[in-house]
Number of protein chains: 2
Amino acid sequence: MKKTFDQLDDFVSALMQHVRQQVLAHLQQPLDIKTKSNSRDLVTNVDRLVEQYYVQAIREFDPVANILGEEGLGDAIDSMVGSVWIVDPIDGTLNFVKQKDQFATMVAYFENGQPRGAWILDVMENELLHGAPEFGVWLNTKKLSAPANLSLVESVVSLSGARLLHNVPGFQAVAGAALGYRVYGSAGISFIRLARGQVGAFMSYLKPWDFAAGQVLCQALGLQVTKFDRKVDDMLSSSLIVAATKNAANDILALTNTSM
Amino acid sequence: MKKTFDQLDDFVSALMQHVRQQVLAHLQQPLDIKTKSNSRDLVTNVDRLVEQYYVQAIREFDPVANILGEEGLGDAIDSMVGSVWIVDPIDGTLNFVKQKDQFATMVAYFENGQPRGAWILDVMENELLHGAPEFGVWLNTKKLSAPANLSLVESVVSLSGARLLHNVPGFQAVAGAALGYRVYGSAGISFIRLARGQVGAFMSYLKPWDFAAGQVLCQALGLQVTKFDRKVDDMLSSSLIVAATKNAANDILALTNTSM
């Protein structure tokens, strides 16, 4: 499949607007909620419906697509060869269920491992962060410039609440060294705030569907994305991840080297 | 001064809309930022301008007003006798400065210690939580009903990031026992989310201007507000405070009894 970024962008933006309408309609009805790995790891009928919708629509658009989705309704993927789509139907499911805001839907698209486009929609605010490495990044129709290169002590940072509480090495040190920290409960919301320069860093343990779109968009904005455990940067392994301005990333890596 | 709640509500709502316009205008310009007690305790020219505006407008509306404000531009108050106004020009100053959203402006009004009205405006979202004990509570023009009486394990809770990080007794226990926790960096935003049922509890160390409006509105909605250190409930002392559904409050007090 050879599509321009504009063609990809039109396709995914329209998909996400449809998803948004589905989600808003479902928020008016009782949700069917199940737990996955533990009582705080939720999945709803809506996560599954949305993933199913993405998979079907992407297969029509790109018949050779390999699709990796959080709910497992796509393909089993162990390589980035060919046309690879990574989708997270609802990121921040606990916020979706209990708060009915501050959740996102995310898509990233790669050709032979090269990012061709990424999309994160804050569903309730209807704010779409979208772009690609050679094209730049937009918030809805506004082109974003690179966020100011703030240091850690100048930055409010977004952290995974669970990792902070259970004191995964580095998290409490970073929280204490930053100007302030926030816990939002959604990677997508955190990436949007990072891209807008509202936070200077985001640190969490993330699965591929949690970080793929955010990593592509952050790198396209000149932000640094580091896999914490320093393995090879691949898109298919879960990882402790720091996405940050260059200065904040250096500060965090120095801190975590001493505290890990 | 004998005013009906509607008269009070008209007056403060109009004041806050004016404050909102002032704040939005100042967000287009560089802020003049100073630190107070420490590097994370900020005050800007806008905090002071807004407090000055409140003080002047309230004195015209209520010539016998005693006004307690965060920036100290009102009166020195040591009693709730007479007409007492408690104002927080910008709650969540770090969010205001670094994120340009998720901050609030707050006013509470008392006659001889009896709450007569309270107002919390999420400035960027233009959402006003307002009401009084005998009248009920509204979000803009929508009357709110009492939030569902969720237990702690059924609730996402909002916590003070600093208290959690420095492990003020009880905070980490509550974070671990809740369904999830969030750190928003603003008491006003937390009270709005509590009133809407998005979080089941809010726990922080608060000064009078941080909690006065929130306490009045939460109690008017049937939520429980407990001063953590179990001193007499007065409106003029800083305190560790839990605002929560009755069930979540009971769960938290049981936990903190054992962990404090």
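This is a predicted model: local features need pLDDT of at least 70, side-chain atom pairs count only at pLDDT 80 or more; totals for chains, interfaces and linings use all residues.
The interface joins 31 residues of chain B to 31 residues of chain A, counted by contact. Together the two chains bury about 2700 Å², of which 44% lies on carbon and sulfur atoms. Polar contacts link 25 residue pairs between chain B and chain A, with both partners at pLDDT 80 or more. On the side of chain B that touches chain A, two or more residues each are given by α3 (93-98), α4 (161-165), α5 (171-177) and β11 (180-182) of chain B. Of these elements, α5(B) provides the largest share, with four residues. Sorted by class, this side of chain B comprises 13 nonpolar, 11 polar and seven charged residues.

Charged pairs also occur across the interface. Side chains of opposite charge can pair when their charged atoms come close. Two salt bridges are found between chain B and chain A. One salt bridge pairs the side chains of D101(B) and R193(A), at an N to O distance of 2.5 Å.

Over all chains, the whole structure contains 14 salt bridges. Within chain A, D75(A) and R59(A) form a salt bridge in which the closest N and O atoms are 2.9 Å apart. R59(A) belongs to helix α2 (residues 45-61) of chain A, whereas D75(A) sits in the loop between β3 (66-69) and β4 (83-91) of chain A, so the pair ties together parts that are 16 residues apart in sequence.

Helix packing was examined in chain B. Two packed helices are described by the angle between their axes and the distance between the axes. The axes of helix α6 (residues 187-195) of chain B and helix α7 (residues 208-220) of chain B cross at roughly 5 degrees and come within 9 Å. Because angles under 35 degrees count as roughly parallel, α6(B) and α7(B) are therefore roughly parallel to each other. On α6(B) the contact is made by A187(B), F191(B) and L194(B), and on α7(B) by D210(B), F211(B), G214(B), Q215(B) and C218(B). Five of the residues in this contact of α6(B) with α7(B) are nonpolar, two are polar and one is charged.

Terms used
Residues are numbered from 1 along each chain as its sequence is written. Chains are lettered from A and ligands numbered from 1 in the order in which they are written. Side-chain values use heavy atoms; hydrogens and water are left out. Contact means heavy atoms within 4.5 Å. Buried area is the accessible area (1.4 Å probe) that two parts lose on being put together, summed over both. A salt bridge is a side-chain nitrogen of Lys or Arg within 4 Å of a carboxyl oxygen of Asp or Glu. A polar contact is a pair of N or O atoms within 3.5 Å; within protein, one must be able to donate a hydrogen and the other to accept it, and residues adjacent in sequence count only if both atoms are side-chain atoms. Ala, Val, Leu, Ile, Met, Phe, Trp, Tyr, Cys and Pro count as nonpolar, Asp, Glu, Lys and Arg as charged, and the others, Gly among them, as polar. Axes are lines fitted to C-alpha atoms, for helices over the stretch in contact, and angles run from 0 to 180 degrees between N-to-C directions. Angles under 35 degrees count as roughly parallel, over 145 as roughly antiparallel, 65 to 115 as roughly perpendicular and the rest as oblique.
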